[in-house]
Amino acid sequence: MYGGDEEKKAATKFTIFSAWKDVVGEKEIWKLGVVYFMYGFSYIIYLTFIIAFLTKEAGLAPKSAGEIFAVLGFFAIFCGVIWGGVSDIIGRRFGTMFAYIVLALSNVILLFWLNTVGFYASAILFGLTAFSVPVIMAAAAGDAVGGRLAPAALGFITLFFGIGQALGPAVAGWLKDTTGTFSYAFALSGLVAVIGAAMSLVLK
């Protein structure tokens, strides 16, 4: 970034330690990290178990399940542009909130709309928002600490995302093994997405 404070800061030498101190000392970065944790925990449950759910519990043939997943992948191509634009217009806070709401809805559909149309609807909604939150988090990290420290800030909050992504399938898998159904796993994914939507409201 050129002009104003960014240009002045760029002329100042900094090390990995000073960058770390600046990033960790920013409260907004910690809030972003917690919100990003919710995304990591929630989205991976859907991606991990959707094919197994469609084939083993919903009774679809592997070919049909693969076609649904392909539709999800096709719509995921556009989610970065869509949600990046949304967050630029309405702000990071509300952009993240609405993205989480759509992700939650894609999970809830799997609990109540158990037919092919419902599965496609869920896949399309999930695809359109699958990678929305990382796009917004990258922009929000830059907003919080400026362009110079944006990479360090994004790296820091990605630690939260990684922890969530590791825990999500483990907890959801345990729920499936305990209850014998994927419904509770998707319910958990939806619930965490709703919590993420609520926590998004604390962002700038």
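Modeller: A term to begin with: a residue is called buried when its relative accessible area is under 20%, and exposed when that value is over 50%. Please also keep in mind that this is a predicted model.

Colleague: Okay, then is V192 buried or exposed?

Modeller: V192 has a relative accessibility of 8%, so V192 counts as buried. This residue is found in helix 10, and, leaving aside residues up to four places away in sequence, V192 touches M38, F41 and S42.

Colleague: How far apart are V192 and Y100?

Modeller: In sequence they are 92 residues apart, while in space their C-alpha atoms are 9.0 Å apart. Y100 has its own list of contacts, again not counting residues up to four places away in sequence, and it includes V35, Y36, M38 and Y39, together with V133, A193, G196, A197 and S200. M38 is therefore named among the contacts of Y100 and also among those of V192, where buried means under 20%.

Colleague: Which residues touch the most other members of the largest nonpolar core?

Modeller: Those are I29 and Y100, in a core of 58 residues. Two or more residues come from each of several elements, including helix 3, helix 6 (92-112), helix 9 (150-179) and helix 10 (183-200). The largest share, 16 residues, is given by helix 3. As a general background, nonpolar side chains in soluble globular proteins tend to be buried together.

Colleague: Let's switch to helix 3, then. What does its end-to-end span come to?

Modeller: Helix 3 covers residues 27-57, and at 1.5 Å a residue its 31 residues should span 45 Å; the C-alpha atoms at its ends are 44 Å apart, which agrees.

Colleague: Where is the kink in helix 3 centred?

Modeller: The kink is centred on F49 and comes to about 45°. Beyond the helix, G59 follows, and the phi of G59 is positive, near 80°.

Colleague: One more topic: which side chains make polar contacts with R92?

Modeller: The side chain of R92 makes a polar contact of 2.8 Å with the side chain of S87, and a polar contact of 2.8 Å also joins the side chains of R92 and D88. R92 lies in helix 6, and because its relative accessibility is 17%, R92 counts as buried. Not counting residues up to four places away in sequence, R92 touches S87, I136, A139, A140 and D143.

How values were computed:
Residues numbered from 1 in each chain as written. Predicted model: local features only at pLDDT ≥ 70, side-chain atom pairs only at ≥ 80, totals over all residues. Heavy atoms only, no water. Helix = DSSP H or I, 4+ residues; strand = E, 2+ residues; numbered from the N terminus. Expected span 1.5 Å × (residues − 1). Bend = angle between axes of the 7 residues up to and from the residue. Core = buried A, V, L, I, M, F, W, Y, C linked by side-chain atoms within 4.5 Å. Buried < 20%, exposed > 50% of the residue type's maximum accessible area, 1.4 Å probe, protein only. Contact = heavy atoms within 4.5 Å. Polar contact = N/O pair within 3.5 Å; in protein donor to acceptor, adjacent residues only side chain to side chain.
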